[in-house]
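Hi,

Here is the structure I promised to pass on. Have a look at it first, and my notes follow below.

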Amino acid sequence: MKTSTLSLSFVGDEILPELPEVETVRKGLEQAMIGRTLTEVILRRENLRFPFPEDFASRVIGRKIDSIRRRAKYLLIDLDDGQVILSHLGMSGRYTLFDAEKVNQFETNGDIDRSSRFGSATGFDGRHDHVEFRFDDGSTAVYTDPRRFGIMDLIDVGEETIHPLLESLGPEPFGDWNSKQLAQRLFKKTTSIKVALLDQRVVVGVGNIYACEALHRSGIHPQRQSKTLVRKDGKPTKKLDLLVDNVVQVLEKAVEAGGSSLNDFADVNGSLGYFGHQFQAYDREDQPCLKAGCGGTIERITQSGRSTFLCPRCQR
């Protein structure tokens with residue numbers, strides 16, 4: 001395994017991750033960490049966004065990684081004793097994976113107390129390498145987070161539904177989510193449909209980029225009131241059926257492409273996320289709409305402090 005970086009980047013005024021990026025990170029960590037036993041955990045500070053759990057390192061050392069799950073934009077790392085490491089990458093978090101051979105090349109570099117031995121290999125000369133997970137095969141996973149908005153907690157399996165960060169989350173788009181469920185949440189809501197899609201209580205993980213794309217492909221104006229997509233009897237309109245289908249399809253395609261980061265997002269093999277090459281609306285301000293026969297021009301507006309890209313001609 002070569003050195004690889006699983007990172008999150010800024011794209012204009014947008015902050016990743018969204019679901020496809022987190023799913024890409026999950027797959028990369030899964031490939032490298034499943035079946036490995038933690039032999040050492042180094043914490044270089046007392047907190048990220050929140051303090052680390054008490055005795056965090058000692059409680060996970062000696063434990064084997066059984067599986068790695070995703071809930072919304074959170075990673076759930078299952079240990080063999082029923083504990084779960086809950087990880088969120090925040091605004092600038094990244095995991096970098098080093099195999100044993102690569103680790104040995106860095107063995108004598110760095111100050112273990114102040115900065116990691118990996119230096120520029122993780123960025124920022126190792127000054128923001130806040131956590132190192134070392135495994136029984138000699139490999140290491142380094143968590144780097146210059147802004148420190150990431151989260152790392154330790155819970156018991158089964159507590160996911162009652163954890164304060166997870167308990168209010170809505171359905172997963174890749175689960176049994178459908179237009180009937182969405183219609184129930186949007187019934188009589190005057191909130192704009194774009195803002196509703198970003199509400200993690202309505203559906204998780206969609207995020208700004210994919211909401212723009214799904215709305216464009218569905219021909220729905222992002223400022224349209226949510227309730228107008230639900231019939232008076234509470235059932236979904238055909239437009240809402242189409243929107244749900246497009247949300248799922250856009251997310252699936254983005255996962256297949258490894259995400260949408262335009263800068264340094266990479267999967268476990270070091271490959272960049274290329275869904276950006278499939279954008280039809282997002283980040284295409286003043287460019288022609290790509291829908292056949294439309295002839296419109298993509299515009300940018302601001303909703304709840306976030307950029308929204310749309311074609312005013314074909315989105316109603």
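**Notes on the model**

A72 sits in the loop that joins strand 5 (65–71) to strand 6 (74–79); helices (H or I, at least four residues) and strands (E, at least two) are DSSP runs, numbered from the N terminus. Before going further, a word on conventions: this is a predicted model, in which local features need pLDDT of at least 70 and side-chain atom pairs count only at pLDDT 80 or more, while totals for chains, interfaces and linings use all residues. Residues are numbered from 1 along each chain as its sequence is written, and side-chain values use heavy atoms, with hydrogens and water left out.

**Two positive phi values**

Most residues other than glycine have a negative phi. A72 has a phi near 55°, a positive value in a residue other than glycine. Is A72 buried or exposed? Its relative accessibility is 1%, so A72 counts as buried (buried means under 20% relative accessible area, exposed over 50%, partly exposed in between, with a 1.4 Å probe and protein chains only).

D125 also has a positive phi, near 55°. This residue lies in the loop between helix 3 (100–105) and strand 9 (129–135), and D125 is exposed, with a relative accessible area of 52%.

**The cores**

The largest nonpolar core has 35 residues, and I193, L240 and L243 have the most contacts inside it. Such a core is a set of buried Ala, Val, Leu, Ile, Met, Phe, Trp, Tyr and Cys residues joined through side-chain atoms within 4.5 Å. Two or more residues each come from helix 4 (179–186), helix 5 (193–198), helix 6 (207–218) and helix 7 (238–256). Helix 7 gives the largest share, eight residues.

Leaving out residues up to four places away in sequence, L240 touches S179, L182, A183, L186, L229 and V230; contact means heavy atoms within 4.5 Å. A second, separate core of 28 residues includes A32, I77, L79 and L154.

L229, one of those partners of L240, is found in the loop between helix 6 and helix 7. L229 is buried, with a relative accessible area of 0%.

**Helix packing**

The axes of helix 6 and helix 7 come within 8 Å and cross at roughly 130°. Axes are lines fitted to C-alpha atoms, for helices over the stretch in contact, and angles run from 0 to 180 degrees between N-to-C directions. Helix 6 is therefore oblique to helix 7 (angles under 35 degrees count as roughly parallel, over 145 as roughly antiparallel, 65 to 115 as roughly perpendicular and the rest as oblique).

Best wishes
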